[in-house]
Amino acid sequence: ATDLLKNHLFSVLHGNSPEHETHQQEMKLLEDRWESIVSRLGADTFPEFLRSHWNGRHAFVRQNDLFKTIRHKITDRSAVFNLLNALETDIDTYLALTQPAGSHWEKTAKNYATAMKLFRVKQQIPLLLTAKRQLDRSQFEQVLRACWVVAFRYNVIGNLPPNEQERVYSQAAQQLNQASGKAHDAINKLQAIYPSDDVFKASFTDKTLRTTDSSKNKLVRYILCVLERQHSGMDLDFDSASLTVEHILPQNPHVGWELFNEDDLEQFTY
């Protein structure tokens, strides 16, 4: 997808630059700007960024249709450079969302981004790219928090199908793209993928996270630290090596645990 789009942009520019000297300058400019964008993201990451960027600004499109859709939209010199400008506008936000440790965001925003990376949820990125571009810091953080809440309820605990979720986030982004779009407009759109309290409590009650997986172990520590902060005000670093997760039953039972058979251990340890 990366090479296809690059070739298309060059072919469009090649056919729309009448003066030879201007043509060479613009081709060189396109080359330099394209390489800068791809090198910052990495070639493997670029298609994912491109789709998030596009779905934040245009009608929702799936990955298989992305290049075809862009090819039909980008047909002249002006459109080529408009796309480059837009990509460059969104790239810092995308990197802050996907690599939050290296961002210069304030602590609250960085914490939300770090949590969603831990959750391994990315469907909200088109909305957040748009929110960062369209809203002030306070309203952006409102949308960021709403995405964090939905990601935890819908994806982490509910383990609900993410397909329709993508479309809802894109629709919320389009709401912000309107001239009068505000944070509450986008957040209201997310009601469609917000599990009710009853559904969430039922899912949370039965949730099992096997901490033999290092990422799940970190997730459990995160949840416990957030609960601790809410309960006591104590702010703990879930990533600290000084914290460990204690299990309901021992992961490696020794003498004295014969009362529990293998089925009991399988069911109750986590």
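A salt bridge is a side-chain nitrogen of Lys or Arg within 4 Å of a carboxyl oxygen of Asp or Glu. In this predicted model, local features need pLDDT of at least 70 and side-chain atom pairs count only at pLDDT 80 or more, while totals for chains, interfaces and linings use all residues. Residues are numbered from 1 along each chain as its sequence is written, and side-chain values use heavy atoms, with hydrogens and water left out. A search of the whole structure finds 17 salt bridges.

**Helix 2 to helix 5**

- Arg-33 and Glu-88 form a salt bridge whose closest N and O atoms are 2.7 Å apart.
- This pair links distant parts of the chain, 55 residues apart, with Arg-33 in helix 2 (residues 20–41) and Glu-88 in helix 5 (residues 77–98); helices are DSSP runs of H or I, at least four residues, numbered from the N terminus.
- Arg-33 counts as buried at 16% relative accessibility, whereas Glu-88, at 30%, counts as partly exposed (buried means under 20% relative accessible area, exposed over 50%, partly exposed in between, with a 1.4 Å probe and protein chains only).

**Pairs that involve a loop**

- Glu-166 meets Arg-62 in a salt bridge of 3.5 Å, N to O.
- Because Glu-166 lies in helix 9 (residues 163–177) and Arg-62 in the loop between helix 3 (46–57) and helix 4 (63–73), the pair ties together parts that are 104 residues apart in sequence.
- Glu-106 and Arg-137 meet in a salt bridge of 2.8 Å, N to O.
- Glu-106 sits in the loop between helix 5 and helix 6 (107–119), and Arg-137 in helix 8 (residues 137–157), 31 residues apart.

**A network**

- Salt bridges that share partners join Lys-6, Glu-31 and Glu-35 into one network.

Note on methods. Helices (H or I, at least four residues) and strands (E, at least two) are DSSP runs, numbered from the N terminus.
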